[in-house]
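Here is a short report on one protein chain. It looks at a helix, then at pockets, then at nonpolar cores.

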Amino acid sequence: MTKFEQLSGVVVAFDTPFDEEGAVSPDRVRRNAHFVVESGVSGFFACGGTGLGAVLTLEERETVIEALLDEMAGDVPVLVHAGSPITRDCIRIAQHAGENGATAVVLSSPDGYYRHEPEAVHEHFGLICEGLGDLPFFLYRRPTDAWGTQLVQALKSAHPNLVGIKDSATDINLHLQFLETQLDVFQGYEPLATASILAGDKGLISGLATIFPEHVVRLYQSLVSGDLDAARAQQAFVNKLVMTTYKPAPYRRFKAVLRARGYPSGEVRRPFRPISAKEESELLERLARLGALDQRAEGVQ
């Protein structure tokens, strides 16, 4: 049994910390990783959307992966996003992750300037899989993706190391179909946590958990313990946090919240617009009114 097959709970979609000059900071990777681990998360998802993987060079992504895997030293599962518009770059990232001890890699469609035909996307996944050996992998579905269960079943038949799906597409009907594939399914959109986990998901891969891990963990714990009254209240609170921090431009807001919580992460990288002083002040005031910045959630173990 692989480590991934044993994974459940809240996997943090980990913010990539930069230093004050805008370079990837291995020291901050290590420090901020302990912040979320101490809040009860079950694992990491590195260099995805929240981790700004698309605006990192290959070398920077490797720096993040090496720092995180070295710091966790096999104690906490680490999933590595190997997505890129270029197939050979995906293969490089995936192989590097495997060589450095990643639990699994996560493969997404080749986004970018071009809209690829379904056959090209399927072949893109297949070529990456050929270079994985027996390293477990996820598929990662985003709102812009057109593929569904047909591609999943085809890849599952050809590659038995396909073990799971990270679904952030917000389509609950298709999400429920993924559960029928017998793969481990993780919800990537926190407002659908209750519906998804009660339907059979293994857990969440959560961007919100990179700034408020304790609240996302509390929601998961309430659901799996059967305390539905607590889960309903916590889901409503998590939804408020999502509405406050996700729009507009969640990444600059995430970094502002981490700074306020004592875990500096630098600023977003252009072309993302850095947060203004006024916007940051208003954000933190709203979060303070919610009580999100004042205390850790009760019941986190």
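Helix H10 spans residues 250–260 and is mostly covered, with eight of its 11 residues buried. Buried means under 20% relative accessible area, with exposed over 50% and partly exposed in between (1.4 Å probe, protein chains only). Helices (H or I, at least four residues) and strands (E, at least two) are DSSP runs, numbered from the N terminus. This is a predicted model, where local features need pLDDT of at least 70, side-chain atom pairs count only at pLDDT 80 or more, and totals for chains, interfaces and linings use all residues. Residues are numbered from 1 along each chain as its sequence is written, and side-chain values use heavy atoms, with hydrogens and water left out.

The buried residues of H10 include Arg 252, Arg 253, Phe 254 and Leu 258. They pack against helices H1 (26–37), H9 (228–245) and H11 (277–290). Just after H10, Gly 262 has a positive phi of about 95°.

A pocket is an open set of points on a 1 Å grid over the protein atoms alone, where a 1.4 Å probe fits, with protein on both sides within 12 Å along at least five of seven lines; lining residues have an atom within 4 Å of a point. A volume is the space filled by probe spheres set on the points, which are joined across faces, edges and corners.

| Largest | about 1000 Å³ | H10, three residues |

The largest pocket is lined by 41 residues, and Gly 48, Gly 49, Thr 50, Tyr 140 and Tyr 251 are the closest to its centre. Its lining divides into 21 nonpolar, 13 polar and seven charged residues. Ala, Val, Leu, Ile, Met, Phe, Trp, Tyr, Cys and Pro count as nonpolar, Asp, Glu, Lys and Arg as charged, and the others, Gly among them, as polar.

The second largest pocket has 21 lining residues; Ser 109, His 116, Val 121, Asp 145 and Ala 146 are the closest to its centre. Helices H4 (118–130) and H5 (149–158) each supply at least two lining residues.

Now the cores. A nonpolar core is a set of buried Ala, Val, Leu, Ile, Met, Phe, Trp, Tyr and Cys residues joined through side-chain atoms within 4.5 Å. The largest has 79 residues, and Leu 139 is among those that touch the most other members. Leaving aside neighbours within four places in sequence, Leu 139 is in contact (heavy atoms within 4.5 Å) with residues including Leu 107, Phe 125 and Trp 147. A second, separate core of 11 residues includes Tyr 140.
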